[in-house]
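This briefing covers selected features of one model. The notes are grouped by topic.

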Amino acid sequence: MVTKASALRPVLSSLPLQLLLFINAWWFAAFWLVTVGCFVYKAEVLPYPTSIFAAEILLVVFLLILEVFREYFGRKGNLTERVVAMMIFLMFTLPVAVGHVYLLIWQTYSLRLEVIVNGLSLIFIAIELLFSIIAIVQFGRADTTVS
């Protein structure tokens, strides 16, 4: 049932953030496939230490899990205009960004392709971070004016 107060309430969800989250979901799928392919290549061609290789593969799997939760809370928080879900999105953003920085700079062998895809992922994360902070401020302002 639509009440008069809810009919007059403006939509605060951020369209640019929602578009970025949608594009980033597809980008991350491509990123993950490219990264796994690079790891297969590096395992076959380069003298990779077994324990480090296993740790870096686990990092990529952990990055996948974190990114799925990050995307979920980002989309859910933006569409429902909930500050708490957006804050959880921001909390997941830091470990995902650190994972990309590790793969960009600190991994044992970095291929040029990995440098490019991790750099693009960090750019996506930075832009999403900016738009999510703007959305959180808008959602917070709307909560204080309604009360």
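The model is predicted.

**Helix α3**
- Helix α3 covers residues 50-80, 31 residues in total.
- From the first C-alpha to the last, α3 reaches 45 Å, close to the 45 Å expected at 1.5 Å a residue.
- The buried residues of α3 are E56, V60, L63, L66, E67, R70, E71, G74, G77 and N78.
- Residues three or four places apart in an α-helix point the same way, because there are 3.6 residues a turn.

**Cavity**
- One cavity of 30 Å³ or more turns up in a search of the whole structure.
- The volume of the largest cavity is about 30 Å³.
- N24, W27, F28, E67, R70, H100, S121, F124 and I125 line the largest cavity.
- At least two residues of this lining come from each of α2 (15-45), α3 and α5.
- By residue class, the lining of the largest cavity holds four nonpolar, three polar and two charged residues.
- E67 and R70 belong to this lining and are also listed among the buried residues of α3.

**G119**
- G119 is part of helix α5, which runs over residues 112-146.
- G119 counts as partly exposed because its relative accessibility is 21%, and buried means under 20%.
- L103 is 16 residues from G119 in sequence, and the two C-alpha atoms are 9.7 Å apart in space.

Notes
Residues numbered from 1 in each chain as written. Predicted model: local features only at pLDDT ≥ 70, side-chain atom pairs only at ≥ 80, totals over all residues. Heavy atoms only, no water. Helix = DSSP H or I, 4+ residues; strand = E, 2+ residues; numbered from the N terminus. Buried < 20%, exposed > 50% of the residue type's maximum accessible area, 1.4 Å probe, protein only. Expected span 1.5 Å × (residues − 1). 1 Å grid on protein atoms, 1.4 Å probe; cavity = no way out; pocket = protein on both sides within 12 Å on 5 of 7 lines; lining within 4 Å. Points joined across faces, edges and corners; volume = space filled by probe spheres on them. Nonpolar A, V, L, I, M, F, W, Y, C, P; charged D, E, K, R; others polar.
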